[in-house]
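Q: I have a protein model open and I'd like to learn how to read the contacts between side chains. Can you walk me through it?

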Amino acid sequence: MKTEFRPGSPGGTGLKKMTLVFALLALSQGHGQELKVDPITDSILPISLEEIILISSYKRMLEHKSQHKPLSTLDAYLESSKKVKTIKRGAYAWEPVLNDMTTERLAVTIDGMRIFGACTDRMDPITSYVDVSNLSAVHVVSGQQGTEHGATIGGAIDLRLEKSNFRPEGWSGIVETGGETNNEAQILGGELNYSDERFYADTDIIYRKAENYVAGGGEEIAFSQFEKYNLSVNAGYKVSDDQKLLASFIFDEARDVGYPALPMDVSLARAFIGSLSWVQDDFIGDFQDWETKLYANSITHIMDDSQRPDVAIRMDMPGWSDTYGFYSQAQLKWDKHSFLVKMDGFYNRSLAEMTMFPNNPNQPEMFMLTWPDVRTLNAGFFAEDVIELKKSSLELTTRVAVQNFNIADEFGLNSLRIFYPEVTQYQTRLLKSVSAHYRKKFKQLSFNGGLSYGDRAPSVSEGFGFYLFNSFDNHDYIGDPDLKNEKAIEANAKISLPLKKLQLGLEGNYFHTMDFIIGEVNPDLGVMTIGAEGVKIYTNLDHANLYNIALDAEYEITPELSCTGLVSYHRGTDQDGRNLPFISPLAYNAMLQYTQGDFSGSLTMRGAADQVNFNPVFGEDRTGAYTVFSLSLGKAFSINDDDVHVKAGVENIFDEFYSTYSDWNNIPRMGRNFYMTVSYAIN
């Protein structure tokens, strides 16, 4: 089920704010649910535990005036969702978190393409290599229902590119600009598109630049600046009425990116992403909607600390990640069954190194491979069967994949053999998953529930990382090539109750994860990083348990005025009852939305309770409660038959000083920020 939601914000501010919080929550619910009509009963059935985050390009902005802040970063869109949270290390490239699980437990794709970051410190999540200007939506799928996009434990996030799709619109163009006061952000972008019934081409370019931002109360956060360019081209040609050739290309480059929560910054993060697709309505026999895609991407990421004062030893840490892949899928409808079958595969090369330059010129430089040129080859098969029953449906899915690792660099292989003398150059793993999901429509009530099992291989860092410094818990990390696959059993359920003006939803999931992978201290090993407290080696725990519960609601006060909101609770512990890191406390958000004609306005609130279930072993401490309010106003009008949309607003109205449980090293969030965006569409 898809829901659009606005997540948590600033520090505890007393009884009046908490009273307002729960008053708003009593009225709310997320919206945007994907629906399907039962062919037998014509009743509406929810399709999946999926969330659609609509991106407000100019065209969609006129249709979806609820977008609070057009031209915001993709990070902000993800934070506005119901299911996704983020780990923030600065003002740029926040790492997405789904079901309280991070990158290694998720499948993050761009139009179905597998892409892997090139940074050992996870400073370049895949979401940082696109922009809202070239996306139409973000599809978020929870748990094993996300295995269509690859082996995963926590779920999948697919970033969908915007395409004209052969609409007979001719030429069109859009110029967009925006600015923000807090960090002096400048945004300038444009689109030039052509589309008819046989051919389309969409081009988009955007530039963003921001200086250091200021936290609530006036504290400047040094090294929080960034500069980014993004260019994308999408094209399609109809070879015949039922055959299409599609192509896409993205170039993304960020420079001078500061990470105030980390000891290093990024001088360059660059990506080339391209694909070629063949789409055919009729395939073989009764199979239809055949799509085959070939893709390639190359990422370069360079960390350095040359701009930091008083560095004990200067370091350069470049990383590279190249991925080549394909998928081919088709659908079959037979009686009450709707089948989807998909074959896919990818080849990835991940290499990262570190060179240390002592301040004393008489001391030699030191070099090591932090990722020893790991080559990953993965080939998989995915199948889905949706069976329509009377006022209900049953969805069955399975994935089987074979994954091979190759440590290609001999120097890197020998470095790992210091700790693991028996490690081999090659290893092969079998990955598998299966899930069943049942949906039932009662008179008013809709029920969704499912059970699933899946596993994943260790990530490159977990299996082969060599002295990766984690500034959050101040430890060096070393991978273990002999780690077992991590496995998870998941149970989920959602109950939806649509009434005349009020819609309610209660959703929850539970993950029992066996052989849970996490870093544990090895007191016998010495540190590599100056000032580090110790060394951790990735290991398998016996098990860990995570669960999430969310209550959401939507209330239509008048046809023009509505209120939505959500409250969620999360918990994660290992087999010894220890709190797992980066587990959200009780969080809440609400939005009051007004739309009439060409005018729109919204008041949003987001916040969280005290983080009391933290674990100092992982570098965590108690974060305080917070509540943050934001306001936006929008107006659409015409100039010489061209459409113009203006939106202005203020975030963190009361200039709260706060940080959240997921802000690396308690880096404070942005204080009061005024913004304005202007979109001009040339018809």
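**Reading side-chain contacts**

A: Happy to! Keep in mind that this is a predicted model.

Q: How far apart are the closest N and O atoms of Arg 255 and Glu 253?

A: They are 2.7 Å apart, and the two residues form a salt bridge. Arg 255 is partly exposed, with a relative accessible area of 34%, while Glu 253 is buried at 9%, because buried means under 20%.

Q: What about Lys 432 and Asp 455: which parts of the chain does that pair tie together?

A: Start with the distance: the closest N and O atoms of Lys 432 and Asp 455 are 3.0 Å apart in a salt bridge. Lys 432 lies in strand S21 and Asp 455 in strand S22, so the bridge ties together parts 23 residues apart in sequence. Lys 432 is partly exposed at 37%, and Asp 455 counts as buried at 2%.

Q: Are Arg 456 and Glu 462 buried or exposed?

A: Arg 456 is buried, with a relative accessible area of 2%, and Glu 462 is buried too, at 3%. Their salt bridge has its closest N and O atoms 2.9 Å apart. Both also belong to a network of salt bridges, whose other members include Arg 89, Glu 104 and Arg 122.

Q: Now rings. What describes a pair of aromatic rings?

A: Two things: the distance of the centres and the angle of the planes. A search of the whole structure finds 20 aromatic pairs here. Take Trp 171 and Tyr 194: their centres are 5.1 Å apart and their planes are at 55°, so this pair is tilted. Trp 171 sits in strand S10 and Tyr 194 in strand S11, 23 residues apart. Trp 171 is exposed at 60%, and Tyr 194 is partly exposed at 24%.

For a stacked pair, go to Phe 582 and Trp 664, with 5.8 Å centre to centre and 15° between the planes. Each lies in a loop, and they are 82 residues apart. Phe 582 and Trp 664 are both buried.

Q: Where does the charged end of Lys 69 sit?

A: Over the ring of Tyr 675, 5.1 Å from its centre. Likewise, the charged end of Arg 669 sits over the ring of Trp 94, 5.2 Å from the centre.

Q: And how many residues are in the largest nonpolar core?

A: There are 98, and Leu 159 is one of those that touch the most other members. Among the residues Leu 159 touches are Leu 74, Ile 110 and Val 138.

Methods:
Residues are numbered from 1 along each chain as its sequence is written. This is a predicted model: local features need pLDDT of at least 70, side-chain atom pairs count only at pLDDT 80 or more; totals for chains, interfaces and linings use all residues. Side-chain values use heavy atoms; hydrogens and water are left out. A nonpolar core is a set of buried Ala, Val, Leu, Ile, Met, Phe, Trp, Tyr and Cys residues joined through side-chain atoms within 4.5 Å. Buried means under 20% relative accessible area, exposed over 50%, partly exposed in between (1.4 Å probe, protein chains only). Contact means heavy atoms within 4.5 Å. A salt bridge is a side-chain nitrogen of Lys or Arg within 4 Å of a carboxyl oxygen of Asp or Glu. Helices (H or I, at least four residues) and strands (E, at least two) are DSSP runs, numbered from the N terminus. Rings of Phe, Tyr and Trp (its six-membered ring) pair if their centres lie within 6.5 Å; planes under 30 degrees apart count as stacked, over 60 as edge-to-face and the rest as tilted. A charge sits over a ring if NZ of Lys or CZ of Arg is within 6 Å of the ring centre and within 35 degrees of the ring normal. Lists of a residue's contacts leave out its neighbours within four places in sequence.
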